[in-house]
Amino acid sequence: MTSYIENETKTVFSFDIERLAVQLMEAVLDREGCPYEATVNVLLTGNEGIREYNRQYREIDRATDVLSFPNIEFARPGDFSSAEESEADCFDPDSGELVLGDIILSVDKVAEQAENYGHSQLREFAFLVTHSMLHLCGYDHMEESDALLMEEKQRNILEELGITREK
């Protein structure tokens, strides 16, 4: 697993964001049975930065907590066979790793939502990375049944790693 994490803010967390992000990414990919080594890019920005990305790429003019940009079009969530069909577009020619996609996360929303939900910033950061990784694996929450499945997967992964609302 390779991740490139850029923090364009001055925010410093009380936990190692790189170590935690990689742990979460690997947990999602293991649980989803990803047969490849993968690469994920993560950009940490503030509310204004993520608002601009949201406006530019989704035509929604407001800040959000996390944006996910999958590099693979999945026929079914968690089915990585479509990556092989688009090998030239999905694999890094130098490393051979599957380029799964990009995550943009608002550090301002991490702090706001942790306070609003009454849990730690570590837990909120972990939730958002896990949520976004599931999007990079083809999951969405547009339909209620899909949202329930995604929520269950998120909860199970975080519980397996011992990241609860108390942390």
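Lys109 counts as buried, at 18% relative accessibility; buried here means under 20% relative accessible area, exposed means over 50%, and partly exposed is in between, with a 1.4 Å probe and protein chains only. Lys109 forms a salt bridge with Glu112, and the closest N and O atoms are 3.5 Å apart. By salt bridge I mean a side-chain nitrogen of Lys or Arg within 4 Å of a carboxyl oxygen of Asp or Glu. Helices are DSSP runs of H or I with at least four residues, numbered from the N terminus.

Please keep in mind that this is a predicted model, in which local features need pLDDT of at least 70 and side-chain atom pairs count only at pLDDT 80 or more, while totals for chains, interfaces and linings use all residues. Residues are numbered from 1 along each chain as its sequence is written, and side-chain values use heavy atoms, with hydrogens and water left out.

How many salt bridges does the structure hold? There are eight. In one of them, the side chains of Glu160 and Arg31 meet at 2.2 Å, N to O. Glu160 lies in helix α7 (residues 144-160) and Arg31 in helix α1 (residues 17-31), so this pair ties together parts that are 129 residues apart in sequence. Glu160 is exposed, with a relative accessible area of 55%, whereas Arg31 is partly exposed at 36%.

Arg76 and Asp79 form a further salt bridge, with 3.1 Å between the closest N and O atoms. Here Arg76 is exposed, at 52% relative accessible area, and Asp79 is buried, at 17%.

I turn now to helix packing. The axes of α1 and α7 are 10 Å apart, and the two helices pack at an angle of about 120°. Axes are lines fitted to C-alpha atoms, for helices over the stretch in contact, and angles run from 0 to 180 degrees between N-to-C directions. The pair is therefore oblique, given that angles under 35 degrees count as roughly parallel, over 145 as roughly antiparallel, 65 to 115 as roughly perpendicular and the rest as oblique. Leu24, Ala27, Val28 and Arg31 in α1 meet Asn156, Ile157, Leu158 and Glu160 in α7, contact meaning heavy atoms within 4.5 Å. Five of these residues are nonpolar, one is polar and two are charged. In this scheme Ala, Val, Leu, Ile, Met, Phe, Trp, Tyr, Cys and Pro count as nonpolar, Asp, Glu, Lys and Arg as charged, and the others, Gly among them, as polar.

Helix α6 (residues 121-136) also packs with α7, at an angle of about 130° and with the axes 10 Å apart. The contact includes Phe127 and His131 of α6 and Met150 and Lys153 of α7. By class, the contact of α6 with α7 has six nonpolar, four polar and two charged residues.

Finally, α1 and α6 pack at an angle of about 40°, with 9 Å between their axes. That angle makes α1 oblique to α6. Among the residues in contact are Ile17 and Leu20 of α1, and Leu122 and Phe125 of α6. Which classes make up the contact of α1 with α6? It has 13 nonpolar residues, one polar residue and no charged residues.
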